[in-house]
Each structure stands twice: as structure tokens, then as C-alpha cells.
Amino acid sequence: MLATMMYGAGDVRAEDRPEPGVLKPTDAIIQLSASCICGSDLWPYRGSNPITAPLAMGHEYCGVVVEVGSEVTSVKPGQFVVGSFCISDNTCPHCQFGFQSSCEQREFMTGAQAPLARVPLADGTLVATSEMPSDDLLPSLLAASDVLGTGWYAADAARVQPGSTVVVVGDGAVGLMGVLSAKQMGASRIIAMSRHKARQDLALEFGATDIIVERGEAGVAELKKMTRNVGADAVLECVGTKESMQQALDCARPGSMIGYVGVPHGVEFDGQQLFFAQKGLLGGPAPVRRFLPQLMDLVLTRKINPGRVFDLELPLEDVAHGYRAMDQREAIKVLLRT
Ligand SMILES: [Zn+2]
């Protein structure tokens, strides 16, 4: 089969690989009709994480189960499933507490930018639909696997409430999903920080009420002006740089939470500054499994359309073009047809 491998910074190839098979009795093999490229795939692509061995890329997935190991009981061949990018047993103390992304048996999904993928711990990781979803819902179901689940977690971690004033730092796919999530959670004012027209338009479509185009201190000053110098009730940090984190902290009002889901690169915190600022931080890899049943239901009943975040669709053999387009910010998020 044709699958995506990364050999080094800027070097992504679709190449012939062996088909995956069941390795452990808790595995499932699924057939993906679509896959996608994640913003976090760009960190190794840009050389931020050194690559010591070729990487089987792709961790966002949904599709039809084709084979299960002997111990799998909750899904069976022929069922349509969505899974989290974090593999979890969904039974350990951290899973029970709703933090499946810190599961005692946590693994990170790999190899999903391919037509077939192996999902470990299938019972704890996958959620099946009751019937085969219609094709037009596939992009939105695929989004639930990571990008939507991560935006949702950012809003959940930031404790967005009905009536909240929310700031979203970052206009990538996750930030846009954060806007959609804050809207679903009843925020009355959602301020998206973005300087790109296409992304601003999508943010407004997803429920943003205001756009701030300035960055850094100028962006914070604009936000303060909008909130009578108080700051936001909840802040979603969806980038992961030193500058974006500082912007998020400075936008948050005392007593509020910052949900941060951009993988931090070069971010450092000053203990005393945090102490006197009285702002909370909760982030990390999203426990998507906690939210999956609710998110899948919102998609299947057509209450949300997160699949709109895909603005470029390519066949898998053109995956290198897809990475380039996201790296150059020519595409928000790329869907790959396998
Ligand atoms: Zn667990």
C-alpha cells in the first residue's frame, strides 16, 4: 500500500509499505477512506524535532474496521469507527478521571496517512457509529479524531461557560476549532486573533464575534480596550510559541484559565510572575476519547460542521505537496484521499 513516511526536515514521501496486521490481541486494523495532515506534523517537518529514524506519519483517522485481535470486544469488522490520536485503555485511573491522554498505557497513534492503519488498544480508543455515516460527513468525523477534539479540550480546559468572553490565540485549524467549541459551550463573545483573511472568515463562520489583527503587546492592548481593561474570562492558546503563550497570559483576567494545546517550543514560565498574575494553566495532548461520543453526535446530527476546516484535498500520492502547502500557510488543513 501507499503510505506516508518522513525521512527528515522537509522530506516527506508517499511510498510503498507493507500493509499493517494485528500484532497484539487488543489491536484493530481499520480501512481509512480519508486522512489528513496535522499542524503538529509540521514541527518535525520544519526541523524542530530531530528525526533519527523514518517516521510513519499520520495520527488522525476514522474508517471501517477490517480485522480485530482476539481480545477486542467493543468493535467488530464492518463497523465505522472514530478514534483518538492518543491510544488509551479507557479503564486506568487517569482514563477514569477523563484524562485518557495520560493513560497508564498511553501510546500515540502513527501511520494513519495511509489506506490501512493499526490501532492498538481498540476497545479503549475507538468509538463506533450505529450505522455507516454518509460520505459528506467523513471530513467532520475525521476532524473529531484530533483537531476538533483538541480545540474542544482547549475550551474545556479554559473553562468556557455560557456568557463567557473568550480569546483564541492562533488561527490555525486547532484555533478555528477552538472558536467552534467555545460557541457550542455558549460563550457570548469570542475574539479570534488572526491576520489572515481566509482564516478570519472561517472564524466568523464558526462563531467568532470579533477579530483582532494585531499581535503581541499591540494585540493585548486591543483586547484590553474591548474588555474595559479587564481581560478575557477564558483564553485558548493554540500555537505553542513563546510569543503566543505570553499573549495568551496577558489576555487572561485574574482568576481565569488558559487552555493550551499548541505543543510548547521554547516556552518558559516565571514562577513569581504566574503567582502574582493569578492565572491557571491546563493543557497538553487532548483527552479526545472523553469528548468523542459527544462530538460524533454533534457531527452526525449536523449541528456542527468542523470539516469546513479542510481547504485543500489531495490524493495520498501528493502528500508532499500537502505538507508544503500547510508549511507555507497556503492551506489551513489538508485532507488526503487514500
Ligand atoms: Zn488508561
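User: At what angle do helix 5 and helix 11 pack, and how far apart are their axes?

Analyst: Some ground rules to begin with: this is a predicted model, where local features need pLDDT of at least 70 and side-chain atom pairs count only at pLDDT 80 or more, while totals for chains, interfaces and linings use all residues. Residues are numbered from 1 along each chain as its sequence is written, and side-chain values use heavy atoms, leaving out hydrogens and water. Helices (H or I, at least four residues) and strands (E, at least two) are DSSP runs numbered from the N terminus. An axis is a line fitted to C-alpha atoms, for helices over the stretch in contact, and angles run from 0 to 180 degrees between N-to-C directions. Here, helix 5 (residues 147–157) meets helix 11 (residues 288–300) at about 110 degrees, with the axes 10 Å apart.

User: What do we call that arrangement of helix 5 and helix 11?

Analyst: Under 35 degrees counts as roughly parallel, over 145 as roughly antiparallel, 65 to 115 as roughly perpendicular, and the rest as oblique. So helix 5 is roughly perpendicular to helix 11.

User: Which residues make the contact?

Analyst: Contact means heavy atoms within 4.5 Å. Helix 5 brings Leu-148, Gly-149, Thr-150, Trp-152, Tyr-153 and Asp-156, and helix 11 brings Val-288, Arg-290, Phe-291, Gln-294, Leu-295 and Leu-298. Sorted by type, the contact residues are 7 nonpolar, 3 polar and 2 charged. For that sorting, Ala, Val, Leu, Ile, Met, Phe, Trp, Tyr, Cys and Pro are nonpolar, Asp, Glu, Lys and Arg are charged, and the others, Gly among them, are polar.

User: Is Thr-150 buried or exposed?

Analyst: Buried means under 20% relative accessible area, exposed over 50%, and partly exposed in between (1.4 Å probe, protein chains only). Thr-150 has 6%, so we call it buried. Leaving out residues up to four places away in sequence, Thr-150 touches Phe-85, Val-174, Val-261, Ala-286 and Val-288.

User: Which residues are the protein donors of the zinc ion?

Analyst: Donors are N, O and S atoms within 2.8 Å of the metal (3.2 Å for Na, K and Ca), and since water is not among the atoms, sites may look incomplete. Here you'll find Asp-89 (OD), Cys-92 (SG), Cys-95 (SG) and Cys-103 (SG), 2.0 to 2.3 Å from the zinc ion. Along the chain, their spacing reads D-x2-C-x2-C-x7-C. Two of these residues, Asp-89 at 13% relative accessible area and Cys-95 at 3%, are buried.

User: Why is the arrangement around the zinc ion tetrahedral?

Analyst: Ideal angles are 109.5 degrees for four tetrahedral donors. In practice, four donors count as tetrahedral if all angles lie between 85 and 135 degrees. The 4 donor atoms here subtend angles of 95 to 123 degrees, so the arrangement is tetrahedral.

User: Where does Glu-60 lie, and is Glu-60 buried or exposed?

Analyst: Look in the loop between strand 5 (55–56) and strand 6 (62–68). Glu-60 is buried, at 0% relative accessible area. Residues that Glu-60 touches, not counting those up to four places away in sequence, include Leu-32, Cys-36, Ala-112 and Lys-333.

User: What is the phi of Gln-278?

Analyst: Gln-278 has a positive phi of about 55 degrees, although it isn't a glycine. You'll find Gln-278 in the loop between helix 10 (271–277) and strand 17 (280–283), and with 56% relative accessible area Gln-278 is exposed.

Technical notes
Tetrahedral: all angles 85-135°; square planar, octahedral: opposite > 155°, others 65-115°.
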